[in-house]
Amino acid sequence: MLEIESLRQQAIAETGLDDFGAPAFYEALERLLDALHTEARLNDFGRMRAEMTIVAGLGKRLQIEHYLGEHPQVADEVIRRPVFIVGLPRTGTTALHHLLNQDPLNRTLRLWEAQNPVPPPMSATYYTDPRIAAQAESVALTETFLPGFKRTHLIDAEEPDECYMLLNRNFMSVEYPAMFHIPSYANWLYANLCRSDSYEYHRRQLQLLQSQHPGNWVLKAPFHQLGLREILRVYPDAIILQTHRAPMAFVASGCSFNELLRRSSSDIIDRAEIGRDWMTMLDAYTRTFEADRAALEPAHPGQFIDLTHDDLLSDPWPVIEQIYSLRGLVLTDSTRAAMRQWLAAHPRAQHGQHQYRLEDYSIDRGEVETLFGDYARRYGLAMDEEITQ
């Protein structure tokens, strides 16, 4: 059994710290544990994986609270004009994030620092920090525990990753329903992310991370579709960059990726169940974001940008230039060349073909058309594309 007090004590023993900060996060943790006990059907590895992930979140929370208590000046850090890449899963968000990362003045959340934020990285040692090598060792084990992962997702210790990791530490994170079948927790999360202090906590961690290594933040995570109201409250000058793709492609692709993430943690893998979970998530993301965007965009003119998956692959430059213009920055020739070099070095399916079909997950084409018909018309998208990764 995964019990809160036992998990707390493990984190305390590992860090030597005992102040977890404001207790509001316990509600989310209790809901997560209840769902893991009653719904996830964990095998031995799954229980170990859940325990390690939760203890790590508690441990990082302890370290963050301790550091911020010792360095109150971090709260004075100003985050200016951050870019949030918020497209639905499998719509090109990762590629765009990596592309913008080619500019050294852009501040992305590298995997190694996201996983190990304390002490904050320093500019002088940002590319030689010993935490990079330790994280690289962990990444090297990814294919051992999640065979096929590198065909579906770019991952490297020194490359940017999603900022869901920042919210793991208050347990309001989509990583948990991605790894485990926990629909009660997932549905609660979808309804409550914008009713919590998650983005205040998100900002505190960005302030910590930039305190010794500043830059122009470029952040990425599809779950931000649930958090738009809070993003624009906490970061009122944020640029919201929404990527788009033919729905038939990203629905099938996402189900396949979700299956890969869950496969090792349970001996019961029900593809129809994965399909239902994925469609429920996409429904929540789409309904929430589109309603909030319609309500908020008039008060934030010029802060929303759209980019289709096809344009990302064929001609991303107008959108990239628009981002730089909105931030008052210059897209230099050297940065453009670095971005072109990255694109050339990362063709689609470079790690092998990622195969997926809607019917494998008991999803009917009509369901996708019903859910995304208005969305496709609004953004001028076809429902289909050639289904390759």
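Modeller: Two strands pair if DSSP finds at least two bridges between them. Strands (E, at least two residues) and helices (H or I, at least four) are DSSP runs, numbered from the N terminus. Here 2 bridges join E2 to strand E3 (residues 216-220), and these strands run parallel. Asn106 stands opposite Asn216 in E3. This is a predicted model, in which local features need pLDDT of at least 70 and side-chain atom pairs count only at pLDDT 80 or more, while totals for chains, interfaces and linings use all residues. Residues are numbered from 1 along each chain as its sequence is written, and side-chain values use heavy atoms, with hydrogens and water left out.

Colleague: What order do the 5 strands of the open sheet have?

Modeller: The order is E2-E3-E1-E4-E5, with parallel pairing. Strand E2 (106-107) and strand E5 (304-308) are the edge strands, each pairing on one side only.

Colleague: At what angle do the axes of H2 and H3 cross?

Modeller: Two packed helices are described by the angle between their axes and the distance between the axes. Axes are lines fitted to C-alpha atoms, for helices over the stretch in contact, and angles run from 0 to 180 degrees between N-to-C directions. The axes of H2 and H3 cross at roughly 175° and come within 12 Å. H2 and H3 are therefore roughly antiparallel to each other (over 145 degrees; under 35 is roughly parallel, 65 to 115 roughly perpendicular, the rest oblique).

Colleague: Which residues make the contact?

Modeller: Phe25, Leu29, Leu32, Leu33 and Leu36 of H2 meet Ala50, Ile54, Leu58 and Arg61 of H3, where contact means heavy atoms within 4.5 Å. By class, 8 are nonpolar, none polar and 1 charged (Ala, Val, Leu, Ile, Met, Phe, Trp, Tyr, Cys and Pro are nonpolar; Asp, Glu, Lys and Arg charged; the others, Gly among them, polar).

Colleague: How many cavities of 30 Å³ or more does a search of the whole structure find?

Modeller: On a 1 Å grid over the protein atoms alone, a cavity is a set of points where a 1.4 Å probe fits but cannot get out, a pocket is an open set with protein on both sides within 12 Å along at least five of seven lines, and lining residues have an atom within 4 Å of a point. Grid points are joined across faces, edges and corners, and a volume is the space filled by probe spheres set on the points. The search finds 3 cavities. The largest cavity holds about 90 Å³, and among its 14 lining residues His181, Arg262, Ser266, Ile268 and Ile269 lie nearest its centre.
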